[in-house]
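Take a walk through this structure, one element at a time.

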Amino acid sequence: MTLLQLIQQVCNELGISPPTAVVSSTNAQIRQLFALLNRHGHDLARQFEWERLDKEWIVNTVAFDIQATFTLGSPVVTTASTTGITTNFGLNSSNTTPFSTVLSVDSSTQFTMNMPSTIAGLQTVTMSQVAYPLPSDWLKQIPQTEWDRTNRWPMLGPKSAQEWQSFKSGIVYAGPRERFRIQGGSLQISPPPPNGLTFAYEYISSSWVVAASGTTKPAFTADTDTTIFDDSLMVVGLKMRWLRAKGLDFSVEMQEFNNLLSTIKAQDKSAPKLSLSPVSGSIYLGTANIPDGNWSAS
């Protein structure tokens, strides 16, 4: 159903005169139903890892060398050009303060770090991007999907604030594995990665509305918009919210909605076969699957 059809269906079931338009309507009842429906859809998107909202995001790391002039004890750095340097970057060099990040880009030839320099003079250093903005439609992360595809390793995390500061501030912090946390609307990575690594993760999109053109968005904005959610789920849910907003009894509608929501969640994607006597995973090489025999030592 389109937005207009959904509102018309709810109005007919509630005994309200159905509108001929929703978005442009000035009728208070229709405006209320329109607002409640948008809120209902947004809340539903957070309810579950819906298969049509499940998206994959690829991150390609960026790092490059520059020649810069440092002043001992000063956070200000000068270079021939600050092109490509943003506040998402940090220093990735053994002769600088670990985990120094760019606080501000002051001009075309100067930037300021968040910590004072421990080196002086003209130095060749590596600028590495350590914060990668989340997708514009990111609503929530799907846990344990973060992987370093270049090295075939799962990324370590998400790290808590305490773990993050312990790693960045403690004595021992080196290691081959990349750690991460989600902070400030970005995927924060540490230690600063080299250029050309590929990271991947999955997330739930906030774009639960589909426009007539096929593009997706996070709310109804046109009468011809549709939604990825089941029509009955939207109709029953909107009736429940409208009755609650009016101070009327909505217990029957709430039970109907909860039953329908459970059924649709169960049918939204495939499910694994569960064993009543689980065993460990497949063994590729071991005493369980190597035949008896004599084997040459050379």
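The model is predicted. Phe-64 has 25% relative accessibility, so Phe-64 counts as partly exposed. Phe-89 has 3%, so Phe-89 counts as buried.

The whole structure holds six aromatic pairs. Phe-64 and Phe-89 make one of them, with 5.6 Å from centre to centre and 50° between the planes. That geometry is tilted. Why does the pair tie together parts that are 25 residues apart in sequence? Because Phe-64 belongs to strand 2 (residues 63-70) and Phe-89 to strand 4 (residues 89-91).

Next come Phe-99 and Phe-167. Their rings form a tilted pair, 5.6 Å centre to centre, with 55° between the planes. Phe-99 sits in the loop between strand 4 and strand 5 (102-105), while Phe-167 sits in helix 3 (residues 161-169), so this pair ties together parts that are 68 residues apart in sequence. Phe-99 counts as buried, at 9% relative accessibility. Phe-167 counts as buried too, at 8%.

Other rings gather into a group. Phe-48, Trp-50, Trp-208, Phe-220 and Phe-229 are linked by ring pairs into a cluster. A charge also meets a ring: Arg-244 lies over the face of Phe-250, 5.7 Å from the ring centre.

Now return to strand 2 and look at its neighbours. Strands of a sheet pair through backbone hydrogen bonds, in a parallel or an antiparallel way. Strand 2 runs antiparallel to strand 7 (residues 121-129), and eight bridges join them. Ala-63 stands opposite Ser-128 of strand 7. Ile-66 stands opposite Val-125, also in strand 7. Strand 2 pairs with strand 3 (residues 76-79) as well, in the antiparallel sense, over three bridges. Here Ala-68 faces Thr-79 of strand 3. Strand 2 and strand 3 form a hairpin with five residues between the strands. In this hairpin, Gly-73 takes a positive phi near 85°.

Which strand does strand 4 meet over three bridges? Strand 7 is the partner, and the pairing is antiparallel. Phe-89 takes part, with Gln-129 of strand 7 as its bridge partner.

Three strands make an open sheet in the order 16-15-17, with antiparallel pairing. Strand 16 (216-217) and strand 17 (226-227) stand at the edges. Each has a single partner strand, so one side of each is left without a neighbour in the sheet. Strand 15 (residues 209-210) and strand 16 run antiparallel and are joined by two bridges. Val-209 has Lys-217 in strand 16 as its bridge partner.

Turn to helix 2. Helix 2 (residues 28-47) has 20 residues. Its span from first C-alpha to last is 29 Å, close to the 28 Å expected at 1.5 Å a residue. At its start, a side-chain oxygen of Asn-27 comes within 2.8 Å of the backbone nitrogen of Gln-29.

In an α-helix there are 3.6 residues a turn, so residues three or four places apart point the same way. Keep that in mind for the buried residues of helix 2, which are Ile-30, Leu-33, Phe-34, Leu-36, Leu-37, Asn-38, His-40, Gly-41, Leu-44 and Ala-45. Which elements do these buried residues pack against? The partners are helix 1 (3-14), strand 9 (138-141), strand 14 (198-205), helix 4 (231-245) and helix 5 (251-267).

The last stop is Lys-246, in the loop between helix 4 and helix 5. Its relative accessible area is 37%, so Lys-246 is partly exposed. Leaving aside residues up to four places away in sequence, Lys-246 touches Gln-29 and Gln-32. Gln-29 is also the residue whose backbone nitrogen Asn-27 reaches at the start of helix 2. Lys-246 and Ala-161 stand 43 Å apart in space, C-alpha to C-alpha, and 85 residues apart in sequence.

Conventions. Residues are numbered from 1 along each chain as its sequence is written. This is a predicted model: local features need pLDDT of at least 70, side-chain atom pairs count only at pLDDT 80 or more; totals for chains, interfaces and linings use all residues. Side-chain values use heavy atoms; hydrogens and water are left out. Rings of Phe, Tyr and Trp (its six-membered ring) pair if their centres lie within 6.5 Å; planes under 30 degrees apart count as stacked, over 60 as edge-to-face and the rest as tilted. Helices (H or I, at least four residues) and strands (E, at least two) are DSSP runs, numbered from the N terminus. Buried means under 20% relative accessible area, exposed over 50%, partly exposed in between (1.4 Å probe, protein chains only). A charge sits over a ring if NZ of Lys or CZ of Arg is within 6 Å of the ring centre and within 35 degrees of the ring normal. Two strands pair if DSSP finds at least two bridges between them. The expected span of a helix is 1.5 Å times one less than its number of residues. Contact means heavy atoms within 4.5 Å. A polar contact is a pair of N or O atoms within 3.5 Å; within protein, one must be able to donate a hydrogen and the other to accept it, and residues adjacent in sequence count only if both atoms are side-chain atoms.
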